[in-house]
Amino acid sequence: MVVAMKQIHVVAGVIRDARGRILLARRTEGRDLAGLWEFPGGKVEAGESPEDALIRELHEELGIQATVGASLIRVPQQYPGKRLLLDARHVEFDGVPEGLDGQALAWVPQGDLADYPMPPADVPVVAALTQPDRYLVTPAPGDDEAWLTSLADALAHGVRRVQLRARDVEARRWRGLVARAVALSRRVGAEVLLNGDIAQAREAGIGVHLRSAQLHDAALQASLDDMRAAGHAIAASCHDAGDLQRAEALGCSFVVLGPLQATASHPGQPGIGWDAFSGVREHVSLPIYAIGGLAPVDIADARTHGAQGIAAIRGLWPGGNA
Ligand SMILES: Nc1nc2c([nH]c(=O)n2[C@H]2C[C@H](O)[C@@H](COP(=O)(O)OP(=O)(O)OP(=O)(O)O)O2)c(=O)[nH]1
Ligand SMILES: [Mg+2]
């Protein structure tokens with residue numbers, strides 16, 4: 001049994017300049033995680049509010065006067081020997097930031113953030129800034145044309161990450177639907193992944209979304225390495241910490257964890273709820289969508305509990321059903 005360690009609350013600022021670039025600071029030698037880039041900030045002291053802590057830290061470390069804005073994401077994360085809550089807030093400021101502790105600073109265009117080595121808890125923060133907060137999973141097609149129209153509708157409403165999923169659809173029909181769905185998605189720059197079938201995903205030139213049962217199939221590693229080398233995304237469905245760790249080891253770039261609530265598509269499977277979701281997410285450094293009975297209205301809750309956002313069939317499909 002793991003002994004519960006006290007969680008350290010760290011509040012960090014997402015600070016932008018007039019060009020939209022984001023300020024990163026490099027952790028100085030002699031501290032934990034030295035040399036890695038971080039969002040400026042620090043630990044909340046006893047009796048202090050997170051907002052006051054961030055204002056104090058940004059004044060001490062950068063010499064700026066901060067105004068703390070909206071929450072971006074709160075990431076619970078385990079490190080060797082400690083547990084962290086990285087609480088990332090948008091910040092406005094007066095003054096000119098300087099590295100008052102001798103730390104290097106960099107103004108980084110949002111698209112380049114992934115080039116800066118950062119601590120594990122920052123990976124979900126960067127993803128929250130740069131990747132979609134909704135992940136549509138398609139329902140099984142009844143009528144093909146109606147299914148494609150609904151997909152086009154979802155894309156028109158801003159969906160930018162899609163998992164094509166259909167059980168029990170005849171292979172040739174599914175291949176045709178996948179090709180048309182990929183064309184629709186490409187037109188608006190949405191990312192597409194195919195559920196379960198690595199070979200077909202490779203052939204269609206899209207990513208693959210692994211079923212949780214596939215995570216424990218060691219024989220898949222070679223074809224997944226091949227997918228990654230070709231620049232295609234790998235994602236996975238996870239139900240517990242073991243699945244998450246396996247997905248991270250296989251090189252997944254994001255995952256789905258659930259069911260958060262009981263759903264009609266998985267009757268009898270109880271939901272894990274937000275608190276358990278937070279506890280499980282601590283074990284890996286990955287963007288994680290919560291799935292199971294969720295809709296866009298739940299995105300704020302999701303972010304508060306360390307999720308990238310929500311994945312859904314009904315909650316993101318126009319009309320709410322297949
Ligand atoms: N500020 C900040 N800390 C982060 C980030 N990511 C991350 O894992 N951390 C970790 C590193 C540290 O273990 C902890 C923050 O502690 P810190 O060393 O900055 O604390 P502090 O500013 O209060 O300074 P001190 O305790 O060294 O005096 O959180 C991040 O993006 N920003
Ligand atoms: Mg600090």
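Predicted model: local features only at pLDDT ≥ 70, side-chain atom pairs only at ≥ 80, totals over all residues.
Is E61 buried or exposed?

**Entry 1: E61.** I counted 20 other C-beta atoms within 10 Å of E61. A residue is called buried if 20 or more such atoms lie within 10 Å, so E61 is buried. I then located E61 in helix α1, which covers residues 50-62. Leaving out residues up to four places away in sequence, I found that E61 touches A25, P40, L100 and D101.

**Entry 2: the annotated site.** I consulted the UniProt record, an unreviewed entry, which places the feature "binding site" at G41 and E61. Although these positions are spread over 21 residues of sequence, I found that they cluster in space, with a largest C-alpha distance of 7.8 Å.

**Entry 3: G41.** I found G41 in strand β4, residues 41-43. G41 is buried, because 27 other C-beta atoms lie within 10 Å. Apart from neighbours within four places in sequence, its contacts are V10, V11, A12, G13, L54 and E57.

**Entry 4: the barrel.** I traced eight strands that close into a barrel in the order β8-β9-β10-β11-β12-β13-β14-β15, with parallel pairing. The twist from one strand to the next averages 25 degrees. I looked at one pair in detail: strand β8 (residues 134-137) and strand β9 (residues 161-164) run parallel and are joined by two bridges. Here L136 stands opposite V162 in β9.

**Entry 5: helices on the sheet.** I saw that helix α4 (residues 171-187) lies across β9 and β10, running at about 160 degrees to β10. Helix α7 (residues 241-249) packs on the sheet and touches β12 and β13. The direction of α7 makes about 170 degrees with that of β12.

Methods:
Residues numbered from 1 in each chain as written. Chains lettered and ligands numbered in written order. Pairing = 2+ DSSP bridges. Helix = DSSP H or I, 4+ residues; strand = E, 2+ residues; numbered from the N terminus. Axes fitted to C-alpha atoms, helices over the stretch in contact; angles between N-to-C directions. Contact = placed C-beta atoms within 7 Å. UniProt positions renumbered as here; feature names shortened; annotations may be inferred. Buried ≥ 20, exposed ≤ 12 C-beta atoms within 10 Å, placed from the backbone.
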